[in-house]
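Here is a short report on one protein chain. Keep the sequence and the 3D view open while reading.

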Amino acid sequence: MKRYHPLLVSIHWIVAFMVLVALLIGGPSLADMENSDPDKMFGLKGHMIWGIVIGTLMVVRLVTRLTKETPPHADAGNAALNSGAKAAHWGLYLLVFAMVGSGLGIAMSAGLFPIAFGGSGTPLPANFDAFTARTAHGLIANLLLLLIALHLAGWAYHQFIRKDHLISRMWFGKRAK
């Protein structure tokens, strides 16, 4: 087995794009906007929908990952790096799920679903920082960015130092052994 299942490949790249957009554009732009700003509701709805789609795709990805045959773990030429890579990959799953969960925690704590999607007419809370889930959401976002940076460093190591073209496993093509 040389490549991952096409569904895993597709979801990997879609989720990678979506997570980066949410972390680099969606979250910071919403955090800088006052809750009293009428544009905040539009951005918040989009961010909530985006996050729920990410969570759904991650569930599909995890189920597919656990039920389909995958290539053997990559060898970085060092036992510690190999162990770190395995931990980092599972850490990405954990942090993305934690990010979605903390986002849902904010939404439930602040009553955002009826406000954003139910037309309740209730104004947004004055500040989301009063909610514990908001603090967790920010911390998880920073950890996720750090782990993504390490993931990219791993790719660069394989691509430019080991020159093993590991990235081809996470692309489309023949899956033959």
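## A residue just inside the cut-off

This is a predicted model. Gln159 has 19% relative accessibility, so Gln159 counts as buried. The cut-off for that label is under 20% relative accessible area. Gln159 sits in helix α5.

What does Gln159 touch, once its neighbours within four places in sequence are left aside? Its contacts are His165 and Ile167.

## How α3 and α5 pack

Two packed helices are described by the angle between their axes and the distance between the axes. Helix α3 covers residues 79-109, and helix α5 covers residues 132-162. Their axes come within 9 Å. The crossing angle is roughly 150°. Angles over 145 degrees count as roughly antiparallel, and α3 and α5 are therefore roughly antiparallel to each other.

The crossing of these two helices is left-handed. What kinds of residue make up the contact of α3 with α5? There are 17 nonpolar residues, seven polar ones and one charged residue.

## Two nonpolar cores

The largest nonpolar core holds 19 residues. Within this core, Val19, Leu23, Ile54 and Leu144 have the most contacts. Helices α1, α2 (38-67), α3 and α5 each supply at least two of its residues.

Take Leu144 as a way into this core. Leaving out residues up to four places away in sequence, Leu144 touches Val19, Leu23, Leu92, Leu95 and Val96. Two of these partners, Val19 and Leu23, are also listed among the residues with the most contacts inside the core.

There is also a second, separate core, with 13 residues. Among them are Leu30, Met48, Ala107 and Phe128.

## Exposed sites outside the helices

Lys2 lies in the segment before α1 (6-32). Is Lys2 buried or exposed? Its relative accessibility is 53%, so Lys2 counts as exposed; the cut-off for exposed is over 50%. Lys2 and Gly173 are 171 residues apart in sequence. In space, their C-alpha atoms are 9.2 Å apart.

Ser36 is found in the loop between α1 and α2. Ser36 counts as exposed because its relative accessibility is 67%. How far apart are the C-alpha atoms of Ser36 and Asn127? The separation is 9.4 Å, for two residues 91 apart along the chain.

Methods. Residues are numbered from 1 along each chain as its sequence is written. This is a predicted model: local features need pLDDT of at least 70, side-chain atom pairs count only at pLDDT 80 or more; totals for chains, interfaces and linings use all residues. Side-chain values use heavy atoms; hydrogens and water are left out. Axes are lines fitted to C-alpha atoms, for helices over the stretch in contact, and angles run from 0 to 180 degrees between N-to-C directions. Helices (H or I, at least four residues) and strands (E, at least two) are DSSP runs, numbered from the N terminus. Angles under 35 degrees count as roughly parallel, over 145 as roughly antiparallel, 65 to 115 as roughly perpendicular and the rest as oblique. A crossing is left-handed if the near helix is turned anticlockwise from the far one by less than a right angle, and right-handed if clockwise. Ala, Val, Leu, Ile, Met, Phe, Trp, Tyr, Cys and Pro count as nonpolar, Asp, Glu, Lys and Arg as charged, and the others, Gly among them, as polar. Buried means under 20% relative accessible area, exposed over 50%, partly exposed in between (1.4 Å probe, protein chains only). Contact means heavy atoms within 4.5 Å. A nonpolar core is a set of buried Ala, Val, Leu, Ile, Met, Phe, Trp, Tyr and Cys residues joined through side-chain atoms within 4.5 Å.
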